[in-house]
Amino acid sequence: MGSRLGPLVRSTQLLSTRFISETVSSAAPTTTPLTDSTVDRIAIPPPVDSATELSRESHLRNRRKIIQAAIREKEKRSLLPPFEDNFGRKHTYLRIALTEKCNLRCLYCMPAEGVPLTPKPHLLTVDEIIRIVEVFAAHGMDKIRLTGGEPSVRKDFTEIVRRIKEVKGVTQIGVTTNGIAIGKRLQELRDAGLSQMNISLDSLNPEKYMMITRTNGFKKVMETIEKAEGIFDSVKVNVVVMKNVNDMEICDFIEMTKDRNLSVRFIEFMPFGGNKFTLNKFFSFKDMWQMVESRFGDSIYRLVDTPNDTTKAFRIRGYRGEFGFITSMTEHFCSSCNRVRVTADGNLKVCLHGNSEVSLRDVMRSGASNEELSETISQAVKRKKKQHAGVENLQHLKNRPMILIGG
Ligand code: SAM
């Protein structure tokens, strides 16, 4: 790919004239002065088709998102300084793994034989998780994603969401789940404060799903996705794309967005410990784009990115949902990275693709105060590298299996 946008620029050049550079100031109510320059620069896309209710709805949703981001920005000014690294990146997004256990065995995530699990006393307790969330939130973290392992295997999952929701400053709580065992708890999770569901689904073919996940759960996941659409405003379907495994299903996944308010996101396959990554199995964004473009051509419509977005988002003209690409390997977004991760055993990872870790669990258990915990986090964030090492190098880097990180 020549430039950062590469084929996107070429293929969407014609479409670009359809974008309207309507600024936030004209979209916001007068009671909310929007002065943040980043927000001000965001263009809001025009309705797909001004005659339809749907286009008005998505237009409004974009406005709402931008206004909410500006309000959150304003609230943050009264907090402790954000955890900022040496490249000016402020960390306002925490991903926390609630468990190392999972009811699937996805081949891209863990070895077939599973992974040695950390003994329970060495895992974070719920109180320790909440304390970490409180310290981050005091420094301006407002968005949190619960992951694992499979977070829903925890019986106290809803209770954890409820407690996080009570932490001052946290405005968005999402989960990344495989959807197998969470279907019955969706409403209670919503009531507890969960606002966003990311559900992993790597094939629309039940046999292939079984081959990838080494488990028979296809029907349950499909039911969960359908139910979640009726409960949550935002439901995302995560697809890890692998060459000759599920690459040929990309356009079928996009067809799922025709009548459904879903956002399907295609994730480039990433190398991690024990997942047998090889470049032969890698299917790049460029490859995916060629496939999508040859099928949908000029009906592809580029959507607006919000700050710190990791997804290049699109819609097919006239379709209800969206789709996007998470191009961590071929077009990384390290320069706007605002996220850090805490593993189930309490290690802070400032980069998904770096192997340096700091045990917040040990710091807390040594009797440290919140100020000392903050200082530990702050020092670790300052050591964050400018960017990850690139797919060629990462495949040789010793890192945890993804199941023990949390994605
Ligand atoms: N159990 C949950 C689930 O299945 O979504 C949460 C944990 S899972 C590790 C979090 C996310 O990481 C999922 O969307 C999964 O597809 C993604 N993931 C795992 N291994 C990956 C890999 N090697 N490359 C890209 N994404 C990966």
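For sorting residues by class, Ala, Val, Leu, Ile, Met, Phe, Trp, Tyr, Cys and Pro count as nonpolar, Asp, Glu, Lys and Arg as charged, and the others, Gly among them, as polar. On that scheme, the shell around the ligand in this predicted model comes out as 8 nonpolar, 10 polar and 2 charged residues.

A closer look at the shell starts with the residues that come nearest to the ligand: out of 20 around it, these are Tyr-108, Gly-149, Glu-150, Ser-200 and Met-270.

For Asn-275, an N or O atom of the side chain sits 3.2 Å from a nitrogen atom of the ligand. As for cover, the ligand on its own has 550 Å² of accessible area, and the protein covers 96% of that.

Turning to helix packing, helix 5 (residues 126-138) and helix 13 (residues 370-382) have axes that come within 10 Å and cross at roughly 70°. An angle from 65 to 115 degrees counts as roughly perpendicular, so helix 5 is roughly perpendicular to helix 13. On the helix 5 side, the contact is made by Arg-131, Val-135 and Phe-136, while helix 13 brings in Asn-370, Leu-373, Ser-374 and Ile-377. Sorted by class, the residues of this helix 5 and helix 13 contact split into 4 nonpolar, 2 polar and 1 charged.

Key: Residues numbered from 1 in each chain as written. Predicted model: local features only at pLDDT ≥ 70, side-chain atom pairs only at ≥ 80, totals over all residues. Heavy atoms only, no water. Near = heavy atom within 4 Å. Polar contact = N/O pair within 3.5 Å; in protein donor to acceptor, adjacent residues only side chain to side chain. Areas by Shrake-Rupley, 256 points an atom, 1.4 Å probe, with all protein chains shown as cover. Axes fitted to C-alpha atoms, helices over the stretch in contact; angles between N-to-C directions. Helix = DSSP H or I, 4+ residues; strand = E, 2+ residues; numbered from the N terminus. Parallel < 35°, antiparallel > 145°, perpendicular 65-115°, else oblique. Contact = heavy atoms within 4.5 Å.
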